[in-house]
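This report looks at charged pairs and at a nonpolar patch. Please have the sequence and the model at hand while reading.

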Amino acid sequence: MIGLRASVAAFLRLFAVQAAWNHRTMIGSGFAFALAPILRRVHADPERLREALARHVGPFNAHPYLAGLAVGAVGRMEAEGADPAAVERFKAAVRGPLGGLGDQLIWARALPATALVAGGIGLSLERPLAGVLLFLIPYNVIHLGLRMGAFRAGLQSGSLVAPRIRRMSLGGWTSRLRIPVALGVGLVLGGLVLLVRPAGPSPATLWGLGVVAAFAFGAQVGAKVWRPLVGTLVLAVFLISVVGRVT
Amino acid sequence: MAGLSLAAVGGLSALGGLLALDQVSLGQTMISRPLVVATLTGFLLGRPWDGFVLGLLLECLYLPLVYIGGARVPDAAPATLAATAAAVEIGGAPGLAMGLVAGLILGELGASSVGLLRRWAGQRVPCDPSQLKSPAQLTRVHASIAGVDFARGTLLTALGLGLVPVWVWIARDWPLAPAPTLGVLSLGAAVGLGSLWQGVRGRGDLLWVLGSGLFAALWVGLR
């Protein structure tokens, strides 16, 4: 009913779903922008197409990789002639879960896991390009798999997509990805200890212990340390430069 | 910048603009992450290892920040590109120190410019059904906002590259040897890594995984 061409066009537009991100509608207009090829297929009359699109420009938010699930499902509902009020209720129901699940799975787990494991391996083996490829390839396998899986699930299930979301077990993956994050943190921590090696055995050991102690401090205080940490680092580097000038 | 021609500065600035698009507007394939941008820039300027180390240090500081909705987060890609150029120009451990500082400061400047872009985008997009005149309007609005984002990233990168001589001047009489310089940077990165760990560790059941990673890195690195 929707057709391959319109589906592919909508899927490709999803890569720009956040292009017009703003505080008033968030990805609302991006949602309508991605949905447009499907609506164009459903509504041949230009005025009806404009009206249908206009119903989707309001506020909406979701993780960009999972937004396709809502676009696909709404596209199918529109193609089946669903009541606009039911479509709105569906969008309101999915925006919270699609945002929260995606943020936890991708930003808090998949990204640190792939970046740190790859970075740690690259640092230990002194292979920078291998480190970058080891990050980009697994990350984008997850990224593209999630984008395609979400869009397909939405298109196939329409408003009945909830069981499909449950079967994707995103919460389970979020939990399982803690293991590679922990491995990556360990690898990079070891790499940071190795970075101070040129000092020779004794001072290097002291710096290494300092690095581990700094890690323990960070683990104790958490993300609230971020701004003071950045400020301290900037100040420390400037002070060291000033000392070099003066002495 | 002494070591780069105008054409190279222009090319790197345009690259910074493209990488800035990947952060939010287009793709989000993570080619805009500091680890990738710094290594790529280091590779283009002949020092991939320096770029990689700088990128990883910045990752340790940026990864604890979760990119949710309208959260104000550093604009990493243009900042990292310019910071890596500074690090390569200065060279060695002082270059990494100055590169890290340049990256953090430019990242904050970039975050402010992203805030302005979001406010401007909020005035451009149709917010209710009556404001959408035609389907083409959506395409035009998206293209224009992405275009401004590209220009923003390009200008920010050019500004960062223009500041490279300043970083070189500040680092001219750097007093510390390489090991303590790297030690100071590693301490900062380790605090960032620790704050990321706080959100992952749970009840301490993953400590053995962390320990395995630590020993594997040390074993491979010390061989």
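## Salt bridges and a nonpolar patch

A salt bridge joins B:Asp173 to A:Arg245, with 3.1 Å between the closest N and O atoms. This pair crosses between chains: B:Asp173 sits in the loop between helix H7 (164-170) and helix H8 (178-198) of chain B, and A:Arg245 sits in helix H11 (residues 226-246) of chain A. The model is a predicted one. Side chains of opposite charge can pair when their charged atoms come close. Over all chains, a search of the whole structure finds 10 salt bridges; the table gives three of them.

| Salt bridge | Closest N to O distance |
|---|---|
| B:Asp173 and A:Arg245 | 3.1 Å |
| B:Arg152 and B:Asp149 | 3.0 Å |

In contrast, B:Asp173 is partly exposed at 32%, and A:Arg245 is partly exposed at 29%.

B:Arg152 and B:Asp149 both belong to helix H6 (residues 135-162) of chain B, three residues apart, or about one turn of the helix. Salt bridges with shared partners join these two and B:Asp75 into one network.

The nonpolar surface patch covers about 360 Å² and is made by A:Leu129, B:Leu40, B:Phe43 and B:Leu44. Its largest share, three residues, comes from helix H2 (residues 34-44) of chain B. B:Leu40 lies in this helix and is partly exposed, with a relative accessible area of 32%.

Key: Residues are numbered from 1 along each chain as its sequence is written. Chains are lettered from A and ligands numbered from 1 in the order in which they are written. This is a predicted model: local features need pLDDT of at least 70, side-chain atom pairs count only at pLDDT 80 or more; totals for chains, interfaces and linings use all residues. Side-chain values use heavy atoms; hydrogens and water are left out. Patches are made of residues with over 30% relative accessible area and no salt bridge: like charges are joined within 9 Å, nonpolar side chains (Val, Leu, Ile, Met, Phe, Trp, Tyr) within 5 Å. Accessible areas come from the Shrake-Rupley method with a 1.4 Å probe; for residues, only the protein chains shown count as cover. A salt bridge is a side-chain nitrogen of Lys or Arg within 4 Å of a carboxyl oxygen of Asp or Glu. Helices (H or I, at least four residues) and strands (E, at least two) are DSSP runs, numbered from the N terminus. Buried means under 20% relative accessible area, exposed over 50%, partly exposed in between (1.4 Å probe, protein chains only).
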